[in-house]
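Here is a short report on one protein chain, written for reading beside its model.

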Amino acid sequence: MLFSQKSKGFFVEMNDHAVMLARTSAPTLPYAIEDLRECPPKDPAALEEAIKAIQPKKSPSGYLHATVGIYPAKRLVRRHSLELKRIKEAGYLAEVCTQQFRIEQDKYTLALLNANDGADFDMAKATQKDVLFCGLPTEDVDQVQATLLESGIYPERLELGSVATLGGVVDCLAFNKSKAPTLMLEIGADATHSFIVSAGGVEASRPIPQGLDAMVPIVQKELGLKDEESARKLFYSNTFDFTGMGPLLIKRLLKELQSSIGFYEVQTGQSVGQVLCAQLSPKLAWLDAAIANALGISGLKLDPVPWLQSRQITMPETLAKTAQDVRWFGLLGLMASYNLTAPAANGAPVSEEKK
């Protein structure tokens, strides 16, 4: 099938475990999702094939023009309560960055969003104190753009995948009229990004300096393997069932999560009722249940299809099963647009987008 570049929309997410791609029937809403594909990360040949499959006819520029979600290792996605009376002070935001996040403001490309609805924080009005600091090192922006261009992808819009995922989960919870605060985790190799979200927005955030690699020495010790590399290969493969060892592997991470949840519950009087691990390779899917069981809460299962319909996005039944795998949620979050005159509500009509 031949089609022109501008008549379609393209979305790409690059995370630690995969490159996910989607084609939509139009570049702007409303549209239908026509194709979903994935390939391994850091595999240029596989990515080239995936791009060719999702866009059979090359664009005149030779690039796939796409909205791109990324997960840089040094990304910053942190909730913070500002002192509104100090907001106009020169150096106040730099002070927050240094003291709260241990980063230098002038070395980061940053955006401030309202923690409840994800809208841009209005520095002039400054009526809401709870914000999300979102950003990444400026040198990483240049590096990511260069890598994307080398891969044949022209980023028309570049977003932090974490922010797109958070927006999607919050909006989906609101759509489902879910009241329960939810723990959302992005477990990377070296660190875990932990968030507590609800239908009302991002309630809490905490980076935990522990990730998957911290579990490898425990695997080595418990299984009596001769070196860490053998343990790493086994852990990241799908050849051994780690379910039984799960509680031991997540013990240290669990301690940090329990501390975060405990603090939140004492502060708000609300109980965290469910957990969602947004960034796990299929080979590590057992971790989701291990964490839920250890915390004594349920794993959150999201059906994105009705929620997407409320946001004027449809998909054929053939893709619906694929999209129900939580690994696609970040990419779906990139597609949705929330600047509608009313929030999504189950069964409610969708209003026109604000012009």
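How many aromatic pairs does the count come to? The count comes to 9 aromatic pairs. Rings of Phe, Tyr and Trp (its six-membered ring) pair if their centres lie within 6.5 Å; planes under 30 degrees apart count as stacked, over 60 as edge-to-face and the rest as tilted.

This is a predicted model: local features need pLDDT of at least 70, side-chain atom pairs count only at pLDDT 80 or more, and totals for chains, interfaces and linings use all residues. Residues are numbered from 1 along each chain as its sequence is written, and side-chain values use heavy atoms, with hydrogens and water left out.

**Aromatic rings**

Trp307 and Phe329 make a stacked pair, 5.3 Å centre to centre with 15° between the planes. The pair links distant parts of the chain, 22 residues apart: Trp307 sits in helix 10 (residues 304-310) and Phe329 in helix 12 (residues 329-335). Helices (H or I, at least four residues) and strands (E, at least two) are DSSP runs, numbered from the N terminus. Both Trp307 and Phe329 are buried. Buried means under 20% relative accessible area, exposed over 50%, partly exposed in between (1.4 Å probe, protein chains only). One aromatic cluster is formed by Phe235, Tyr236, Phe240, Phe242 and Trp286.

An open sheet holds 5 strands in the order 11-10-9-12-13, with mixed pairing. Its edge strands are strand 11 (201-208) and strand 13 (298-299), and each pairs on one side only. Two strands pair if DSSP finds at least two bridges between them. Strand 9 (residues 182-187) runs antiparallel to strand 10 (residues 192-198), and 6 bridges join them. A hairpin of 4 residues connects strand 9 to strand 10. Strand 9 also pairs with strand 12, in the parallel sense, over 4 bridges.

Some partners across these pairings:

| Residue | Partner | Strand of partner |
|---|---|---|
| Ile187 | Thr192 | strand 10 |
| Met184 | Phe195 | strand 10 |

Is strand 9 mostly covered or mostly open? Strand 9 is mostly covered: 6 of its 6 residues are buried. Thr182, Met184 and Glu186 lie on one side, and Leu183, Leu185 and Ile187 on the other.

Helix 9 (residues 286-295) lies across strand 9, strand 12 (274-277) and strand 13. Helix 9 runs at about 160° to strand 12. Axes are lines fitted to C-alpha atoms, for helices over the stretch in contact, and angles run from 0 to 180 degrees between N-to-C directions. Contact means heavy atoms within 4.5 Å.

**The sheet from strand 8 to strand 14**

Another open sheet has 6 strands in the order 8-4-1-2-3-14, and its pairing is mixed. Strand 8 (153-160) and strand 14 (313-314) are its edge strands, each pairing on one side only. Strand 4 (residues 64-70) pairs with strand 8 in the parallel sense over 7 bridges. Val68 has Leu158 as its bridge partner in strand 8.

Helix 3 (residues 138-150) lies across strand 1 (9-14), strand 4 and strand 8, at about 145° to strand 8. Helix 4 (residues 161-175) packs on the sheet, touching strand 4 and strand 8. The direction of helix 4 makes about 60° with that of strand 8.
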